[in-house]
Amino acid sequence: METELFLGFNLYAWITIVTVLGMFTTLLCTKLRTDLVFLAAIGVLFVTGVLDAKDAFSGFSSTSVIVIGVLFVVVAGLTHTGVLQWIVRHLLGQPNSYSKAVIRLMLPVAGLSSFLSNTTVVAMFVGIVKMWSKKLGISPSKLLIPLSYASGMGGVCTLIGTPPNLIISGLYADKTGETMNVLATAIPGLFCLFVGVLSIIAMRKLLPDRKAPESAFEATSEYTVELLVPSDNKYIGKTLDEAGLLHVRGGSLIEIYHFDDVPASISENEYLMGGDRLVYAGQIDEILELKKSHGLVSADHHIFSMSEVDKNRQLRTAFVTFGSSLIGKTIGGSTFEHDNNLTLVAVARSSQRINETPRQVVLQAGDTLLLECPPHLNVNTDRLSSQLHFFDSDQVVNIGSKTFISALIMIAMVVISALNVMPLLQCAFIAAAAMLVLRCCNAEQAMRAINWDILMIFAASVVLGLAIQQTGIAERLARGILDVCGTNPIVVMTAICFVGTFITEFISNTAAGAMFFPIMYEAAEKLGYEPYPFLIALMISVSSSFATPIGSPTHMLVYGPGGYRFSDFMRIGLLMNLIILAANILIVNIIYPLTPL
Amino acid sequence: MQVTIQEQDGNMIATLEGRLDTAAAPETEKAMSPLLDCEGKDIIIDCTKMEYISSSGLRIFLSIMKNTNGSHVYIRNITDDVRAVFVMTGFIHLFEFK
């Protein structure tokens, strides 16, 4: 089987190449689960004999994969004790210029991402940044891309900040027997972050100035609102036209139902009666003005007098979550309002006008509901959170001694492992156990925090990297790169990082890390240099995917809320990729000078 | 739904019998249309035997009240069920009851 078949690759190498290409084509063209596709690829490599059983499943016992799994628990402790919330609340402040806002945002986000999962941090910040941008009068689209970029750049600052770092350092430890320090990437990472922040400020004109989708939503005829005429309304007996309820500012009357549920014609001569339900479509704020100007109310039952209505009821917006039990049902046909003491005021569906009364709308995932709640409603999140996600949900965790304890555990874990007192894996296990024992999170929260899908992908990525190495693909590619780039180590380092940066736009950073590790390692060795600095540069480059929204899960998190288009990421991201690549190569060569073997 | 209109003591009396629901509304409206021509006379709608009134029925009552030529419209003897509808719709404050 060692015989070369074509282009210097043997049969096993070709099977690996076809499998990897097939895997990425499947991922790009189908909606199959990523973990399944990765596992199927491993299955192919195992069945065809490219990898033996030991190697094929080695990813599942890989130290780096286990560290990632254990860190999920540590992060659960931090999240459930409110460390993130505390930081968010105290760090953003009220900057008076865009540049200061970017700095106030990017530095804490990067700091948090260097220890926590980037996705967790960005998910936590998205809502807050949107509110913050409103307060500052800056369009959220000007701040959400920097938010996502900051988490990526912060993630590379420590080995635990982002999975590719753990995978590459794990593979390095397997290969050389030497463990990388948890802060090995700190200085290069911080330098790139510094350059990144300055670049964002300098290139801010390339960031789109879009209205948040919700405000656009509010400005179009998207919300369908139902308002009730109480029995003591002063317009009763007048025609819709006389009452000024037919043509209203910012909306139109689309349906009217009298007390006996008979739909009435929408004409200027239709009389208004108590118990009428008027259904409007349009700008929510303008329509809700009718409550004040015309004494209309939101209610799910008949209102005889305005005095029955608690004027302090507050409006809250929520969207129907995926998997919500409300999907496929109508609010009118369920006891939802009664059970939760909420009143449905309006329903909106993205880019679609709903022509039914809100209570009769068969709900879909993603529908936005405007609900009226009692003034001090403590939304029972345990019961409601599986059905609705409140935009302004105050899921504020009580900040107290546990917050301090969990933060201390995290810091201790990083410091002990950075000082090489104990390997990271052991530190992570102790930290996770401490989080559980000291009740920073409970066992259920801990188990729920472990993202098994992601672990599967990580494990499979490690195995794919191994196959690429064992079949000689890495060596051939490394040799090919050396043929093209000559023997200058910096040119070779730059070339591989360049390819890595762009490949990682389309595949997961972890997979890119696992696949480029053997190539970079072989190339460095072939040139006769210690691979360490090459790998540090690789870590930064595979996490620098700025140019497409699919480059990182954090980009996808801000994509919708920022109202972005695919090209928005390209415009600033391509330049960012190149700038960070240059900064990366420069700083790595200063901090870790190349040493001949 | 049965509508009988008669003149009594200088007043126009409309006696309604049965259910004034949506289906019966167009016919009832037609049957009551002579009331609009009774210049100056008081109109009394007798609801003693009216079992139910729908929104369409209320619309007829209101339309008569608004379109008569200087007549007063009174409603007489409504049942509790019908009164509940008048209360709910706020029409209880629009009409005069005898």
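Visitor: How many residues does the contact take from chain B and from chain A?
Guide: This is a predicted model: local features need pLDDT of at least 70, side-chain atom pairs count only at pLDDT 80 or more, and totals for chains, interfaces and linings use all residues. Residues are numbered from 1 along each chain as its sequence is written, with chains lettered from A and ligands numbered from 1 in the order written. Residues are in contact when their C-beta atoms, placed from the backbone, lie within 7 Å. The contact takes twelve residues from chain B and 15 residues from chain A.

Visitor: Which element gives the largest share of the side of chain B that touches chain A?
Guide: Helices (H or I, at least four residues) and strands (E, at least two) are DSSP runs numbered from the N terminus. Two elements of chain B give two or more residues to this side: α2 (55-67) and α3 (80-89). The largest share is four residues, and it belongs to α2(B).

Visitor: What pattern does chain B follow along the sequence?
Guide: Chain B has three helices and five strands. Read along the sequence, they give β-β-α-β-α-β-α-β.

Visitor: In what order do the five strands of chain B form the sheet?
Guide: Strands pair if DSSP finds at least two bridges between them. Here the sheet is open and its pairing mixed. β1 (2-8) and β5 (96-97) of chain B are the edge strands, each pairing on one side only. The order in chain B is β1-β2-β3-β4-β5.

Visitor: Which residue in β4(B) is the bridge partner of B:Asp46?
Guide: Strands β3 (residues 43-53) and β4 (residues 73-76) of chain B pair in the parallel sense, over four bridges. For B:Asp46, the partner in β4(B) is B:Arg76.

Visitor: How are α9(A) and α19(A) oriented to each other?
Guide: Axes are lines fitted to C-alpha atoms, for helices over the stretch in contact, and angles run from 0 to 180 degrees between N-to-C directions. Helix α9 (residues 163-176) and helix α19 (residues 452-470) of chain A pack at about 45°, axes 11 Å apart. A:Pro163, A:Ile167 and A:Leu171 in α9(A) meet A:Phe458, A:Ser461, A:Val462 and A:Gly465 in α19(A). So the two helices (under 35 degrees is roughly parallel, over 145 roughly antiparallel, 65 to 115 roughly perpendicular, the rest oblique) are oblique.

Visitor: How is α4(A) oriented to α19(A)?
Guide: Helix α4 (residues 63-80) of chain A packs on α19(A) at about 165°, with the axes 9 Å apart. That angle makes the pair roughly antiparallel.

Visitor: Which residues of α19(A) make the contact with α4(A)?
Guide: From α4(A) come A:Val65, A:Ile68 and A:Gly69. From α19(A) come A:Leu455, A:Phe458, A:Ala459 and A:Val462.

Key
Two residues are in contact if their C-beta atoms, placed from the backbone, lie within 7 Å.
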